[in-house]
Amino acid sequence: MKSIWAQCIIILSGCCTAFGIWLLVLETCGSYPVPSAIWNNALIERKSEIAKSCNRPKLLIVSGSSAISGISAQQMEADLGIRCVNFGSSAGFGIHFILWASKSALKPGDAVLLPLEYEHYDYKLYENVDVTLLHVIASYKKDYFSELAW
């Protein structure tokens, strides 16, 4: 029977090896996006392009996924007579990131509609973390990370 110290050393060396492998994988693969991050970033980028291409004042609909599937910018445009762009993204990204991402799509004279999801009213920036958001920030939106107030 091995001594307790030998068992502790074996366990500790196994943990150190696992941690080293994890750091190596994180260093080599950490900035490669996963499919959900690719899709969400493409969604944000495409909507930004559409919004920036408008040469007249527009209504930017800024929200989470409820805007993607629940608000028709085409119908609102027809009813209101002004250009409307649906800037809906993932609600799990949190209101802080959603507002940050939409900021670059706005020009003077634009209006914003904020049909927020329930979770946005009680969103805690450092507690409610979406894994896909972490992948988006690590892969595409590193400037967002540097703007956080630490």
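One cavity of 30 Å³ or more turns up in a search of the whole structure. The model is a predicted one, where local features need pLDDT of at least 70, side-chain atom pairs count only at pLDDT 80 or more, and totals for chains, interfaces and linings use all residues. Residues are numbered from 1 along each chain as its sequence is written, and side-chain values use heavy atoms, with hydrogens and water left out.

**The cavity**

- Rolling a probe the size of a water molecule over the atoms shows where empty space is left.
- A cavity here is a set of points, on a 1 Å grid over the protein atoms alone, where a 1.4 Å probe fits but cannot get out; lining residues have an atom within 4 Å of a point.
- The largest cavity holds about 40 Å³ of space, the volume being the space filled by probe spheres set on the points, with grid points joined across faces, edges and corners.
- Its lining is made up of Ile44, Phe87, Ser89, Phe93, Phe97, Ile98 and Ala101.
- Helix α5 gives the largest share of that lining, with three residues; helices are DSSP runs of H or I with at least four residues, strands are runs of E with at least two, and both are numbered from the N terminus.
- By class, the lining has six nonpolar residues, one polar and no charged; Ala, Val, Leu, Ile, Met, Phe, Trp, Tyr, Cys and Pro count as nonpolar, Asp, Glu, Lys and Arg as charged, and the others, Gly among them, as polar.

**Salt bridges**

- A salt bridge is a side-chain nitrogen of Lys or Arg within 4 Å of a carboxyl oxygen of Asp or Glu.
- Lysine 58 and aspartate 110 pair up this way, at 2.5 Å from N to O. This pair links distant parts of the chain, 52 residues apart: lysine 58 lies in strand β1 (residues 58-61), and aspartate 110 in the loop between α5 and β3 (111-113).
- Lysine 58 is buried at 1% relative accessibility, and aspartate 110 is also buried at 17%; buried means under 20% relative accessible area, exposed over 50%, and partly exposed in between (1.4 Å probe, protein chains only).
- Glutamate 77 bridges to arginine 83, with the closest N and O atoms 3.0 Å apart. Both ends are partly exposed, glutamate 77 at 23% and arginine 83 at 24%.
- Arginine 46 meets glutamate 49 at 3.4 Å, N to O. These two residues sit three apart in helix α2 (residues 35-52), so about one helical turn separates them. Glutamate 49 is partly exposed at 47%.

- Leucine 99 belongs to helix α5 (residues 94-103) and is partly exposed at 39%.

**Distances across the model**

- Threonine 17, in helix α1 (residues 4-29), is partly exposed at 49%. Its C-alpha atom is 51 Å from that of leucine 113, 96 residues away along the chain.
- Leucine 133, in helix α6 (residues 131-139), is buried at 6%. The C-alpha atoms of leucine 133 and alanine 73 are 25 Å apart, with the two residues 60 apart along the chain.

How values were computed:
On a 1 Å grid over the protein atoms alone, a cavity is a set of points where a 1.4 Å probe fits but cannot get out, and a pocket is an open set with protein on both sides within 12 Å along at least five of seven lines; lining residues have an atom within 4 Å of a point.
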